[in-house]
Amino acid sequence: MWLFYAIGSAFFAGVTSILAKCGIRKTDSTVATAVRTVVVLIFSWIMVLISGSFDQITSISGYTFLFLVLSGAATGASWLCYFKALQTGDVNKVVPIDKSSTVLTIILALIFLHEGISFPKAVAVIVIAAGIMLMIERKDVEETKNTGKGGWLLYAAGSAFFASLTAILGKIGISGVESNLGTAIRTCVVLVMAWGMVFVTGKQREVTQIGKKEMGFICLSGVATGASWLCYYRALQEGPASIVAPVDKLSVLVTVVFSYFVFGEKLGKKEALGLALLTGGTVAMALL
């Protein structure tokens, strides 16, 4: 069943990107991240109550709790970077870069979780990396260098880096912990981190200035994120991180399709080839 949970995670993650983009056209990305985290938090604790795992919170060891907190912190950092990148860059460019965390996750899983990698899987990793590189345009890299401020490309890269840490730390942290409870605890960490950033940057007043339409999209993206999280960490709990993570990254297909119909964003031939390689490598990784 973990494979079905991983596929569900990919679908909801893909929808999340589209809904979030609609909600941050005028709203600051940090503020939007903090608001949608509230929605995810409510969603995750409802699932804890439904699953009846709340009583298990007292039995979580200090070691496991530490890694849950660290995983939550990595997720918070990934979110802040991701939605900042989404606000300033095209969805069909930001998302593929974010999905490059697949390659790093597999490497980290090999090192820290001792999940072996065969030659066919290694080839699949190379194909995925090649696909991602094809989807990044040279002008985007040059613009990032010329601005001196990083731009959306560096934020997207930061999102990928922290996402890979999330997968590894989450795999360690949810050992012996019911998946819904682990997700809820991690979300508490993300909430504190996101709102901390809002107050540190002095943007708390902007919360009341969010338009009703954008607030609706932000909340819907939070619901989609909650569903994706619950599926993803259930899959991580039952399956290997080196396979769950690649399947989850198939959300890029959902995002690219929706970005075409919603925002009119199109892929060139090179980007389309990159998407095909990324998808093919990901599917091969899941089946090998």
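Visitor: Which residues line the second largest cavity?
Guide: In this predicted model, the second largest cavity is lined by Ala-20, Ile-24, Ser-29, Ala-32, Thr-33, Arg-36, Phe-83, Ile-218 and Ser-221.

Visitor: Which elements give two or more residues to that lining?
Guide: Helix 2, residues 29-51, and helix 10 do. Helix 2 gives the most, with 4 residues.

Visitor: What volume does the second largest cavity have, and how do its lining residues divide by class?
Guide: Its volume is about 30 Å³. The lining divides into 5 nonpolar, 3 polar and 1 charged.

Visitor: How many cavities of 30 Å³ or more does the structure hold?
Guide: The structure holds 2 of them. The largest cavity has a volume of about 440 Å³.

Visitor: OK, the largest one. Which residues lie nearest its centre?
Guide: Ala-13, Trp-79, Asp-98, Trp-229 and Asp-248 lie nearest the centre, out of 28 lining residues. By class, the lining has 10 nonpolar, 12 polar and 6 charged residues.

Visitor: And which helices each supply at least two residues of that lining?
Guide: Helix 1, helix 3 (62-88), helix 5 (101-112), helix 8 (151-173), helix 10 (212-238) and helix 11.

Visitor: Switching to pockets. How much space lies in the largest pocket?
Guide: About 170 Å³. The residues that line the largest pocket are Ile-97, Ser-100, Val-103, Ala-129, Ile-132, Met-133, Ile-136, Leu-153, Ala-157 and Ala-160. Helix 6 (119-135) and helix 8 are the elements that give two or more residues to this lining.

Visitor: How does the pocket lining divide by class?
Guide: Into 9 nonpolar and 1 polar, with no charged residues.

Visitor: At what angle do helix 1 and helix 11 pack?
Guide: Helix 1, residues 2-23, packs with helix 11 at an angle of about 35°, and their axes are 8 Å apart.

Visitor: Is the crossing left-handed or right-handed?
Guide: Helix 1 passes helix 11 in a right-handed crossing.

Visitor: Which residues make the contact?
Guide: On helix 1, they are Trp-2, Leu-3, Ala-6, Ile-7, Ser-9 and Ala-10. Helix 11 brings Ile-243, Val-244, Val-247 and Asp-248. By class, the contact has 8 nonpolar, 1 polar and 1 charged residues.

Visitor: Let's take Val-244. Why does it count as buried?
Guide: Val-244 counts as buried because its relative accessibility is 0%, and the cut-off for buried is under 20%.

Visitor: What is Val-244 in contact with, leaving aside neighbours within four places in sequence?
Guide: Val-244 is in contact with Trp-2, Ala-6, Tyr-232, Ala-235, Leu-236 and Gly-239.

Visitor: What separates the C-alpha atoms of Val-244 and Arg-234?
Guide: The two C-alpha atoms are separated by 10.0 Å, and the residues are 10 apart along the chain.

Terms used. Residues are numbered from 1 along each chain as its sequence is written. This is a predicted model: local features need pLDDT of at least 70, side-chain atom pairs count only at pLDDT 80 or more; totals for chains, interfaces and linings use all residues. Side-chain values use heavy atoms; hydrogens and water are left out. Axes are lines fitted to C-alpha atoms, for helices over the stretch in contact, and angles run from 0 to 180 degrees between N-to-C directions. A crossing is left-handed if the near helix is turned anticlockwise from the far one by less than a right angle, and right-handed if clockwise. Contact means heavy atoms within 4.5 Å. Ala, Val, Leu, Ile, Met, Phe, Trp, Tyr, Cys and Pro count as nonpolar, Asp, Glu, Lys and Arg as charged, and the others, Gly among them, as polar. On a 1 Å grid over the protein atoms alone, a cavity is a set of points where a 1.4 Å probe fits but cannot get out, and a pocket is an open set with protein on both sides within 12 Å along at least five of seven lines; lining residues have an atom within 4 Å of a point. Grid points are joined across faces, edges and corners, and a volume is the space filled by probe spheres set on the points. Buried means under 20% relative accessible area, exposed over 50%, partly exposed in between (1.4 Å probe, protein chains only).
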